[in-house]
Amino acid sequence: METTGAETSRGAFLEMWRRQLPWWHLVYAVIWVAAFAAVAFDTPGRYGRWAELLCLLGMAAAYAVLGTRGMRHYDVRWGLSYHAVVWGLFLTANYLNPDSESTLLLFVLFPQLWAMLQRREAAIISVVGMAGFALVRWWAFDFSALHVSGLAVSAVVSVGLSLALGLFIDRVIREAESRADTIDELRATQDR
């Protein structure tokens, strides 16, 4: 008997991923709303509140248009496009207000990297994104030497956590995919 679609282990694995997507969207929405509310009600940065809120709205629009496609289709073009836009807006928001609570969005940006992109791209963007974040924050603090050590430690810890968790999750997913493929191959051999 030949198995196809969701009857295959690979199909079951992909179906499991599709069932998890609403949870990914919900987590993004909750964290985005928390960041938006924090920015809306917190002390505005030196450039005012509206520019920062517009960045957050742009991030939500990018997720709706590009990010959801990157998650659903696992197409690197959608994922890279989304992350180019969202990290640009995130860094801009943090330049506008170095004390911004938009940093809450890092709790979804890092996992999204690993969910949408291959290991290499996710690792590169994790490192480049946090280096950019530290540089933007340092720039916003007028390149003050007082902030260098704190920004460096924050960036290194964030990158370290992202890489450790991301590489672990990537390995677990690759193992699950490999097992699904092996099971499908064994079934196909037995059906001959």
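Mentor: From the N terminus on, the elements run α-α-α-α-α-α, which amounts to six helices and zero strands, where helices (H or I, at least four residues) and strands (E, at least two) are DSSP runs numbered from the N terminus. This is a predicted model, in which local features need pLDDT of at least 70 and side-chain atom pairs count only at pLDDT 80 or more, while totals for chains, interfaces and linings use all residues. Residues are numbered from 1 along each chain as its sequence is written, and side-chain values use heavy atoms, with hydrogens and water left out.

Now to the packed pair: helix H2 (residues 50-73) and helix H3 (residues 76-96) pack at an angle of about 170°, with their axes 9 Å apart; the axes are lines fitted to C-alpha atoms over the stretch in contact, and angles run from 0 to 180 degrees between N-to-C directions. H2 and H3 are therefore roughly antiparallel, a word used for angles over 145 degrees.

Elsewhere, a search of the whole structure finds one salt bridge, meaning a side-chain nitrogen of Lys or Arg within 4 Å of a carboxyl oxygen of Asp or Glu. The side chains of Asp170 and Arg119 meet in it at 3.2 Å, N to O. Asp170 lies in helix H6 and Arg119 in helix H5 (residues 119-140), so the pair ties together parts that are 51 residues apart in sequence.

Terms used. Angles under 35 degrees count as roughly parallel, over 145 as roughly antiparallel, 65 to 115 as roughly perpendicular and the rest as oblique.
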